[in-house]
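Hello,

Here is the structure for your files.

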Amino acid sequence: MKFAIVSKGDDRSNKIQATMKQYLTDFDLDYDEKNPDLVISVGGDGTFLEAFHNYVHCLESTSFIGVHTGHLGFYADWVPDEVEKLIIEIAKTPFQVVEYPLLEVIIRGHSGGREDRFLALNEATIKTPEGSVVFDVDIKGAHFETFRGDGLCISTPSGSTAYNKALGGGIIHPSLEAIQLTEMASINNRVFRTIGSPLILPKHHTCLLKPIVDRSFLITIDHFTQSYTNVKSIQCRVAKERVRFARFRPFPFWDRVRDSFVADDDDDKNK
């Protein structure tokens, strides 16, 4: 099996990266940064997102697993004290694959027919430095509403626990192939109206955002932000690609949610 390791870059993460690389190669596994079967993220969720985007071009053949070296990472199954156990599992045990849905974002421009396509593991956000975001929102080819406000967040089920949750969106189990559209400070008064609630769209529904006011936009895909001008439309839907997680032991989604947001120190001590 071929593997690669992406480190957060701090001393602790780099030491774990070096240890894992040494022992896994001693077990006759091949270190291959170009076409790995398994990508190991050592750090937090930001490092995991970086690993995902580094290998987004080979999702069909690559699986991901995380070791968290800071605060509990939502995508990380393993802690530093378990690294030796994980090394043996990777070297000796075939892993199970769990797949989660992804978000596809297509940004189309007015001039030159430019079209940029991205995949997001967590979410895409759309804001502007020039006042309010003003979009016509079409769902499944029909006009749904005109949005005015600070911006919009479109999240995956696994990403529903991230920025989406902070905005008041719901948490969606990743077995549901869906995306969630959540508002950022929408303008609602006697003149302007929005739905005011998060929208959950199934995989066969496409959301099309069409700017009404010609402004520049700051579009963030996970934690990568880019500025766009002359935007004609932004299309969002469930991607045909999926992310693959390597599992050597069960870690149910709701346990992740509980451990990340509900459990406290006393809960951990009583386990």
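Cys153 counts as buried because its relative accessibility is 0% (buried means under 20% relative accessible area, exposed over 50%, partly exposed in between, with a 1.4 Å probe and protein chains only). Cys58 is buried too, at 9% relative accessibility. The structure holds 0 disulfides (a disulfide is a pair of cysteine sulfur atoms within 2.5 Å). Cys153 is in no disulfide, and the nearest cysteine sulfur, that of Cys236, is 10 Å away.

A word on the basis. This is a predicted model, in which local features need pLDDT of at least 70, side-chain atom pairs count only at pLDDT 80 or more, and totals for chains, interfaces and linings use all residues. Residues are numbered from 1 along each chain as its sequence is written, and side-chain values use heavy atoms, with hydrogens and water left out.

Now the rings. There are 12 aromatic pairs in the structure (rings of Phe, Tyr and Trp, the last by its six-membered ring, pair if their centres lie within 6.5 Å; planes under 30 degrees apart count as stacked, over 60 as edge-to-face and the rest as tilted). One of them is Phe3 with Tyr31, edge-to-face, at 5.2 Å centre to centre and 75 degrees between the planes. Phe3 lies in strand E1 (residues 2-7) and Tyr31 in strand E2 (residues 30-31), so this pair ties together parts 28 residues apart in sequence. Helices (H or I, at least four residues) and strands (E, at least two) are DSSP runs, numbered from the N terminus. Phe3 is buried at 0% relative accessibility, whereas Tyr31 is partly exposed at 24%.

Phe52 and Phe64 form a tilted pair, because their ring centres are 6.3 Å apart and their planes are at 50 degrees. Phe52 is in helix H2 (residues 45-54) and Phe64 in strand E4 (residues 63-68), 12 residues apart. Both are buried. Phe52 and Phe64 also belong to one aromatic cluster, with Phe48, Phe74, Tyr75, Tyr100, Phe245, Phe253 and Trp254.

Two rings carry a charge (NZ of Lys or CZ of Arg within 6 Å of the ring centre and within 35 degrees of the ring normal). Lys165 has its charged end over the ring of Phe261, 4.5 Å from the centre. Arg256 lies over the face of Phe251, at 4.2 Å from the ring centre.

Last, Trp78. It sits in the loop between E4 and helix H3 (83-92). Trp78 is buried, at 1% relative accessibility. Its contacts (heavy atoms within 4.5 Å) include Ile65, His68, Leu86 and Phe248, not counting residues up to four places away in sequence.

Best wishes
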